[in-house]
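This report describes the arrangement of strands and helices in one protein model. Please keep the sequence and the structure in view while reading.

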Amino acid sequence: MFRYETHMHTSEASACASSTGAEMADKYKAEGYTGIIITDHFFNGNTCVDRSLPWDKWVEGYCKGYENAKKRGDEIGLDVFFGIEYGDGSSDYLIYGLTKEWLIAHDDIMSLDLPSFLEFVRSEGAMVIQAHPFRIRDYTRGIIHAPRFCDGIEIFNASDAATPFNERAKIYASWYDLPGTGGSDSHNTTTSFHAGGVLSPRKFTSALDYAKAVAAREIQVIDNAE
Ligand SMILES: [Zn+2]
Ligand SMILES: [Zn+2]
């Protein structure tokens with residue numbers, strides 16, 4: 001089985017992360033992963049890229065963590081794919097299948113409300129997984145669920161392993177018959193590093209390939225990470 005990280009951050013783009021894309025790539029390689037998908041906090045989340053920049057410059061900065069991880073991954077033999085974590089303060093969505101070029105060309109997406117945004121990216125061929133749908137932290141404004149606009153649900157977030165949130169997510173996914181997946185939500189290589197993610201019987205060729213495998217219920221969730 002091939003081991004993949006599906007949800008992780010880098011210090012180039014996420015204000016709450018403290019390891020660079022290259023450092024994260026090294027760590028995941030050492031932990032035996034075949035590949036990782038970088039999902040930094042987007043424009044409406046905890047980004048560390050200056051929001052006053054022109055849109056294309058903001059996107060360039062946002063993609064740096066991914067690009068540095070990819071460069072490192074190419075050197076050490078780790079597949080690195082691109083995703084985003086879009087958040088509205090009451091819910092977070094991992095989106096797979098977009099690219100830097102697509103983001104630069106769509107400079108009006110932040111004017112869309114949450115359902116319109118999710119509907120639009122899906123119409124463009126991307127896929128949506130709701131991250132930790134029952135997480136409550138001090139920054140959580142409320143809990144929003146959008147099952148109509150999701151291709152799957154993160155039913156095991158390794159950063160929430162000590163909470164009841166994952167059990168609630170599992171029940172929620174089963175209510176709507178949505179496939180489940182897992183991720184670490186790691187923000188550095190040390191204190192908050194959690195070796196979660198998924199196992200796959202085959203290698204993925206892209207982030208979208210991973211999301212399709214989730215929808216086809218071909219993956220196995222790593223749900224024993226702490
Ligand atoms: Zn974060
Ligand atoms: Zn995250």
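How many bridges join strand S3 to strand S4, and do the two run parallel or antiparallel? Strand S3 (residues 79-87) and strand S4 (residues 92-96) run antiparallel and are joined by 5 bridges. This is a predicted model, in which local features need pLDDT of at least 70 and side-chain atom pairs count only at pLDDT 80 or more, while totals for chains, interfaces and linings use all residues. Residues are numbered from 1 along each chain as its sequence is written, and chains are lettered from A and ligands numbered from 1 in the order in which they are written.

**The sheet**

Helices (H or I, at least four residues) and strands (E, at least two) are DSSP runs, numbered from the N terminus. Two strands pair if DSSP finds at least two bridges between them. The model has an open sheet of 9 strands with mixed pairing, in the order S7-S6-S5-S4-S3-S2-S1-S8-S9. Strand S7 (180-183) and strand S9 (220-221) stand at the edges with a single partner strand each, so one side of each has no neighbour in the sheet.

| Strands | Bridges | Direction | One bridge pair |
|---|---|---|---|
| S2 and S3 | 7 bridges | parallel | Gly35 and Asp79 |
| S3 and S4 | 5 bridges | antiparallel | Tyr86 and Tyr93 |
| S6 and S7 | 4 bridges | parallel | Phe156 and Gly182 |

A residue is buried if 20 or more other C-beta atoms lie within 10 Å of its own, exposed if 12 or fewer, and partly exposed in between, with C-beta atoms placed from the backbone. By this criterion, 8 of the 9 residues of S3 are buried. Both faces of S7 are covered, with Gly180 and Gly182 buried on one side and Thr181 and Gly183 buried on the other.

**Around strand S7**

S6, helix H6 (residues 165-175) and S7 make a right-handed β-α-β unit; right-handed here means that, with the strands pointing away from the viewer, the path from the first strand over the helix to the second runs clockwise. In the loop between H6 and S7 lies Asp177, which has a positive phi of about 50° although it is not a glycine. Asp177 counts as exposed because it has 7 C-beta neighbours inside 10 Å. Asp185, in the loop between S7 and S8, also has a positive phi, near 60°. Asp185 is buried, because 25 other C-beta atoms lie within 10 Å.

**Helices**

Helix H1 (residues 21-30) and helix H3 (residues 64-76) pack at an angle of about 40°, with their axes 7 Å apart. H1 is therefore oblique to H3, since angles under 35 degrees count as roughly parallel, over 145 as roughly antiparallel, 65 to 115 as roughly perpendicular and the rest as oblique. Residues in contact (C-beta atoms, placed from the backbone, within 7 Å) include Met24 and Ala25 of H1 and Tyr66 and Arg72 of H3.

Lys57 lies in helix H2 (residues 55-62). Lys57 is partly exposed, because 13 other C-beta atoms lie within 10 Å. Lys57 and Ser192 are 135 residues apart in sequence and 30 Å apart in space, C-alpha to C-alpha.

Technical notes: Axes are lines fitted to C-alpha atoms, for helices over the stretch in contact, and angles run from 0 to 180 degrees between N-to-C directions. Two residues are in contact if their C-beta atoms, placed from the backbone, lie within 7 Å.
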